[in-house]
Amino acid sequence: MSIQQRTALITGASAGIGATFARFLAAQGYDLLLVARRVERLNDLATELKQQYGIQTYVFAADLTDKQAPSAIMAFAKERGVVIDMLINNAGLSGKTAFADTPWQELANEIQLMITAVTELAHRVIPDMKQQGWGRIINLSSLAAFSPPGASLLYTGIKSYVLNISESLDMELKPHGIHVTALCPGFTHSEFHDVMGTRDAANHLPAILWQQPEAVVKEGYEAVMKGKPVCVPGIVNKVIASSMRPIPESARYFLGKTFNPFKN
Ligand SMILES: NC(=O)c1ccc[n+]([C@@H]2O[C@H](COP(=O)([O-])OP(=O)(O)OC[C@H]3O[C@@H](n4cnc5c(N)ncnc54)[C@H](OP(=O)(O)O)[C@@H]3O)[C@@H](O)[C@H]2O)c1
C-alpha cells in the first residue's frame with residue numbers, strides 16, 4: 001500500500017499539537033479523519049488541507065468525554081469504508097482545580113478523555129492494523145510522566161498511564177507490524193495553558209523550556225516510524241526526563257511538592 005492510501009485518525013485536531021499533526025501528515029500524503037468538539041475549526045482545516053495537498057479528509061465532531069464517542073467515530077469511518085492506518089491519540093487538557101474541590105463528573109471526564117477513550121480507540125483500530133500487518137499509534141503523554149507528581153492534579157497520573165500502556169502495547173504489537181509510541185512533550189506552544197487558565201504563569205517560564213508544536217510533531221512521527229516506544233522531543237526535555245528517572249521516589253515527591261509553577 002502506498003503512503004497516499006493511508007489514513008490517519010487524529011483526535012484533538014482543532015488546535016495545537018493535533019492541528020499541527022494534521023498539517024504534517026497531510027504534507028506526507030495521508031488522508032485524514034479529524035476529530036474534536038469545535039467542528040467549524042475542523043471543517044476549515046480539512047478544506048485547507050484538501051485544497052493544498054489533494055488528500056481525502058473526513059470530519060467528525062465528538063466530545064471524547066462521551067463514553068459513546070470512540071464507537072461512534074469508528075462507525076463513521078466504517079460507513080465510509082475508511083480503514084485507520086495511523087492513530088494520533090492527542091485530545092487532552094489539564095484540570096484546573098484541586099482534586100477535593102473538583103466535582104466528580106469533571107474528574108471522571110478527564111479520565112474518560114485521556115485514559116478510557118485513548119485506550120478504547122487503540123483497541124478498536126488494532127484489528128484492521130493487524131490484518132494489514134501495518135499500523136502506527138502515537139499516544140500523547142507528557143514530560144509530566146517523568147516529572148515529580150503535581151499536587152492535586154490527575155494529569156501526572158494520567159500521562160504516566162499513557163506512557164506505560166504505550167510501551168506495553170508496543171511490545172505486544174510490534175511482531176504484527178504495529179508501532180506504538182508515547183510522545184512526551186514538555187512545554188509546547190498551543191492553547192493548552194489558555195484552557196488550563198495558567199497562561200500568565202506559563203508566560204513567565206524561560207523560553208528555553210518551550211518548543212514549537214512543529215518540532216514536537218516531527219520528532220514524534222520519526223520516532224513512531226522508527227519503532228521507538230517512547231519519544232521525549234527536544235534536547236532540554238530529554239535532559240529533564242533522564243535526570244528525573246534516577247531520583248528516589250521520596251525526593252521526587254519533595255520536588256513535586258516544592259516546585260510547582262502552577263500551584264493553585
Ligand atoms: N502544550 C503542552 O505544553 C503539552 C505538553 C505535554 C503534553 N501535552 C498534551 O498534548 C495534547 C494536545 O494538547 P495541546 O497542547 O495541543 O492543547 P490544545 O491546543 O488545548 O488542544 C487540545 C485539543 O484537544 C481537544 N479536546 C479537548 N477536550 C476534548 C474533548 N472533550 N473531546 C474532544 N476533543 C477534545 C481540543 O479540541 P476541542 O476543544 O475543539 O474539542 C483541542 O483540539 C494533550 O493530550 C496534552 O495533554 C501538551
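**View 1. Polar contacts between the protein and the ligand.** A backbone N or O atom of Ala15 is 3.4 Å away from an oxygen atom of the ligand. Asp63 places a polar side-chain atom 2.9 Å from a ligand nitrogen atom, and a polar side-chain atom of Tyr155 is 2.5 Å from a ligand oxygen atom. The ligand taken alone exposes 880 Å², of which the protein buries 97%. Polar contacts are pairs of N or O atoms within 3.5 Å, and accessible areas come from the Shrake-Rupley method with a 1.4 Å probe.

The model is predicted: local features need pLDDT of at least 70, side-chain atom pairs count only at pLDDT 80 or more, and totals for chains, interfaces and linings use all residues. Residues are numbered from 1 along each chain as its sequence is written, and side-chain values use heavy atoms, with hydrogens and water left out.

**View 2. The shell around the ligand.** The ligand is surrounded by 31 residues (one heavy atom within 4 Å). The closest are Ser14, Ile17, Arg37, Tyr155 and Ser190. Of the shell, 15 residues are nonpolar, eleven polar and five charged; Gly counts as polar in this scheme. At least two shell residues come from each of α1 (16-27), α5 (155-173), β7 (187-188) and α6 (192-196). Helices (H or I, at least four residues) and strands (E, at least two) are DSSP runs, numbered from the N terminus.

View 3. Thr156 is part of helix α5. Thr156 counts as buried because its relative accessibility is 13%, and buried means under 20%. Beyond its neighbours within four places in sequence, Thr156 has contacts (heavy atoms within 4.5 Å) with Ala144, Ser147, Pro148, Pro149 and Gly150.

How values were computed
A polar contact is a pair of N or O atoms within 3.5 Å; within protein, one must be able to donate a hydrogen and the other to accept it, and residues adjacent in sequence count only if both atoms are side-chain atoms. Buried means under 20% relative accessible area, exposed over 50%, partly exposed in between (1.4 Å probe, protein chains only).
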